[in-house]
Amino acid sequence: MGFFAAKPKEDVINKLKKEKDWYLDKIIRIDSVMSNDTNISDKQLYLMDKQSTAMSEICKIIDKRIKDLKTN
């Protein structure tokens with residue numbers, strides 16, 4: 001197995017920004033369903049809230065990665 005050439009930092013940063021945008025879109029959609037759909041079980045609401053929270057944490061990690069790439 002050979003080594004892979006590292007991508008330029010700006011390419012990685014742009015990819016991470018797109019990934020974060022994808023997660024933010026999903027968070028908005030989940031939160032919208034949770035706010036507007038009254039025919040959802042309590043368990044589904046709980047699980048959707050957990051999913052939204054987890055994706056928010058992923059966005060925070062992506063922000064930290066971007067910050068690190070910009071400073072190093």
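## Ground rules

Buried means under 20% relative accessible area, exposed means over 50%, and partly exposed is anything in between (1.4 Å probe, protein chains only). This is a predicted model, in which local features need pLDDT of at least 70 and side-chain atom pairs count only at pLDDT 80 or more, while totals for chains, interfaces and linings use all residues. Residues are numbered from 1 along each chain as its sequence is written, and side-chain values use heavy atoms, with hydrogens and water left out.

## The aromatic pair

Searching the whole structure turns up one aromatic pair (ring centres within 6.5 Å, using the six-membered ring for Trp).

As for accessibility, tryptophan 22 is partly exposed at 47%, whereas tyrosine 23 comes in at 17% and counts as buried.

## How the helices pack

Helix α1 covers residues 9–36 and helix α2 residues 42–71; helices here are DSSP runs (H or I, at least four residues), numbered from the N terminus. They pack at about 160 degrees with axes 9 Å apart, the axes being lines fitted to C-alpha atoms over the stretch in contact, with angles from 0 to 180 degrees between N-to-C directions. That makes α1 roughly antiparallel to α2 (over 145 degrees).

## Serine 52

Serine 52 sits in helix α2 and is buried, at 6% relative accessibility. Leaving aside residues up to four places away in sequence, serine 52 touches Ile27, Ile30 and Asp31 (heavy atoms within 4.5 Å).

Methods: Helices (H or I, at least four residues) and strands (E, at least two) are DSSP runs, numbered from the N terminus. Angles under 35 degrees count as roughly parallel, over 145 as roughly antiparallel, 65 to 115 as roughly perpendicular and the rest as oblique. Rings of Phe, Tyr and Trp (its six-membered ring) pair if their centres lie within 6.5 Å; planes under 30 degrees apart count as stacked, over 60 as edge-to-face and the rest as tilted.
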